[in-house]
Amino acid sequence: MVIDWSRIREKWRRVWEESHIFEADVDLKKDKCFLTVAYPYPNSPQHIGHGRTYTLADVHARYMRMCGKNVLLPMGFHYTGTPILAMSKRLAEGDKELIDTFTKIYKVPMDTIKQFKDPLRIARYFHEEIKEGMKEMGYSIDWRREFTTIDPQYSRFIEWQFKKLYEKGYIVQGSHPVGWCPKDGNPVGQHDTVGDVEPEIGEFVIIKFFIDGYILPAATLRPETVFGVTNIWLNPDVEYVKARVDGEDWIVSKECLRKIRYLNRKVEEIEGVRGAELIGKWAESPLTGLKVPILPASFVDPKNATGIVMSVPGHAPYDYQALKDLKKRGEELALYKIDPELLDSIAPISIIELEGYSDLPALDVIEKMGIESQDDQKLEEATAEVYSREFHSGWMKSNTMEYVGLPVSIAKERVKEDLIQSHKGDTFYEILNRPVICRCGTECIVKIFENQWFINYGDESWKGLAEECLENMKIVPDDLLSEFKYTIGWLRQKACARKSGLGTRLPWDKEWIIESLSDSVIYMAYYTISKYIKFHDISPDQLTDDFFDYVFLGNGDSREVEKITKIDEELLEKIREEFIYFYPLDSRHSGRDLIPNHLTFFIFNHAAIFPKDLWPKQIVVNGSVLMEGKKMSKSFGNIIPLREAIRIYGADTSRLAVLSTAELLQDADFSPTLAKSLNGRLERFYDFAMNVINLESGSENVEFSTEERWLISRLQRTIKVATKAIDELRVREAINYALYELDRDLQWYLKRSPMENPSENEKEAASNVLKILLETKVRLLAPFTPYICEEIWEKMGKEGLVSVADWPTYDEKKIDEEAEEMEEMIMRTLEDTLNIIKVTKIEPNRIYYYTSAEWKWEVYLKALEVFETGTLDIGGLMKRLMEDSKMKKMGKGLYRFVQRIYDEVRKMPPDLREKRLRIRIIDELSALRDATDFLEKEMGAKVEVYSEEDSKKFDPKDRAKLAQPYRVAIYIS
């Protein structure tokens, strides 16, 4: 049946909205569950990749609601920052690429784009687009609490937050390196860049080599290796410049000179010089006085730091391989008049002692990894290994002057300090993960920003609070705990304001606007009060610091706050009650890319402002979504806007597609093929449901056969494992059990059920068990596929909505271990028979099964009992068995049988062994005879079943003796 997804979606959207079931208010009779997911930035529609994080949060909310919790899942919109301004500016300039993206991918009408010269028009357009997409996806959001980060009332909340941080000394002013857009003239963070890339700023050490009266400033992250320099690398095809920098004459790349100006240095360009002109000259090391040659290297990037690289081949795999490769390029050596003998004379210098490596760790790793040229991508891995091992475990050798004997980690800092103090070195800031592109299209650089306002995440006492907060939180999955600890450790000062963009102005310095990663860290608290601000028309002027102190911190007296704010005391107390009821936040959902910034800032700011009992309880982190194995990108043309995916595949299908292919940290892989497959499965589920609904219900006292008892038992086990999986947010696993495993069990049951001429009892039993299964499956799938589940729930004649129905409860009393073992024995028998037919290529005419003799059951169970007390070798097992007088009489047959079952019993999982000891003996003979019709139909042959002890059995090949408990012997003719 083809389902009209659109009709079902709109029907249940309307029902949910009209019934207000997702609106959460204070209910002291129920436990609350407060979940949030990042409020979106409305500069484009959400695409299928965004859908994963938001759908996961919604599944979590829906599940907790079905578990009886009073669930609050709110949503706001993040207007703050410069991206919308940059986008508006590009559109006003007629940026063809951006216009094509808007018209061809986002399907924005050209008439609408013309209005986007006003940045707020962009924000409001995509705000509504995203909101509509969230509603279509079925997200169970309390929309009464919606706000934007440029609402005047929200700005008052952010002002209060920043005053608290300022009072505690966590906000400081000073000069600091920041990521910077030269075109926009603003600091940039993750939200300001293409692809949401956070600029990673690294401090290089400049080592001043000398050449012909000029300084050749080589930039390095490893100043301690200066003692191992054998040569300097320059790119012969690059335009370098001679320039006066702070009174010194330098030679640097042209690109470097531009960046130096942003590092607050006095710069005067003198003249240009080609890199080729410097090749073959000699430069003098400032510490050792050693003169080293300047050699050509096309791999030197003029945009990286100074465009000058010192070569340390003993400890840098790239340098070792580059020297080796250069020796092979005779034409290049001749071009620059470099004597080959000079290269032959350059020997790597060993300066670091490292256990487990030779004097030349770079060479060791190159040989170990089989690296043959400097184009080999494994050089990155080789470099990382050498640098890491040397930093953590290396010691400086005797040829490193006064640094001999120091650990590399200490020598690195000492050499840096000494170089700078003696004016033989300097510092240079560079973006390590360059190129990072601002949303305006300009490559970002580093700027030393003076009088900039920073949040000082480097404050040690604050770090202590953040670490304590983290220790008392649950991180899901817990593998990421170390990433959070690492981030808390390395975070330092973070620029928190800029002079342009949308947002809240710093309360004590109105020239500055608080940036987007700083006004989005405790807004979860604002959700608890936003509906009151809207519904009671509370003005920004009424939202004083006294108001927030009272509501969020419990400071002050409600009567005094009423006098100050003109907000009714009863309303104030109600607002305070709502905050205290819902806080602390129970779970925060986000993507992994936000661990180095937003999520860790979220921890810091909560720890700084709120008392410990209001610190957040949990963070849930997930990976991203690929499109058919590739990263989603406009350049790949593989972005599908979320609402388009809903129109093509349906909301339930889209929800399943972003959640069912991967667990939390793995990248999910969306594809049209997957979506179509899931759509087909949901349509088959709907067809099955309609068929079951149309069955006439049986009486309550109907007798269940083994097959029904097995299905009920399997259903209970599915409830148990699916509940455990979703409790731990292993949603792929939960979907697998509810959608696939349950289907497999159903298909087996339907094959096993008598289809021709069933008795009245059989019809009633089948109807009852299928209705039980259907109801359970609908409940299990409701958090994942809410629309189809609501539709089926209604057609089943159930009261209320499945969205607020009870989650299925595991009932151990309904577990029937004997029925499970019976059916599994039949499954194994069928599988073994089909395998024999496949291997032997026999066309079966008649199939004979032989079940175990009674004595074999006694031996089998005795063996299980023996292994309950500990593992024995086969001799030890026989000795224990022979203690039983009955066993002694069995002779050689006993030993041969024990040989066959020994490995099975020894390797058997303890829970299975315990279960079989509880069950004791199952009547395999009756079970197989009852299943004869089924087996004959499956294999297209007559089936006969005998006991091994039956004197009348047909057994021409003497196969019966091979029978053992739970595995019958088989003969096919």
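Arg643 is buried, and Glu129 is buried too. In this predicted model, these two residues form a salt bridge in which the closest N and O atoms lie 3.2 Å apart. Arg643 belongs to helix α23 (residues 642-649) and Glu129 to helix α6 (residues 119-136), so their contact ties together parts that are 514 residues apart in sequence.

A second pair links two strands rather than two helices: Lys242 sits in strand β8 (residues 239-245) and Glu271 in strand β10 (residues 267-274), so this pair ties together parts that are 29 residues apart in sequence. The salt bridge between Lys242 and Glu271 has its closest N and O atoms 3.6 Å apart. How accessible are these two partners, Lys242 and Glu271? Lys242 has a relative accessibility of 18% and counts as buried because the cut-off for that class is under 20%. Glu271, in contrast, is partly exposed, with 42% relative accessible area.

Glu707 is found in helix α26 (residues 706-727) and Arg752 in helix α27 (residues 731-752), so the bridge ties together parts that are 45 residues apart in sequence. Both of these residues, Glu707 and Arg752, are buried.

Beyond such pairs, salt bridges with shared partners join Glu23, Asp25, Asp142, Arg144, Arg145, Lys531 and Glu578 into one network. In total, the structure holds 85 salt bridges, including the one between Arg643 and Glu129.

Technical notes:
Residues numbered from 1 in each chain as written. Predicted model: local features only at pLDDT ≥ 70, side-chain atom pairs only at ≥ 80, totals over all residues. Heavy atoms only, no water. Salt bridge = Lys/Arg side-chain N within 4 Å of Asp/Glu carboxyl O. Helix = DSSP H or I, 4+ residues; strand = E, 2+ residues; numbered from the N terminus. Buried < 20%, exposed > 50% of the residue type's maximum accessible area, 1.4 Å probe, protein only.
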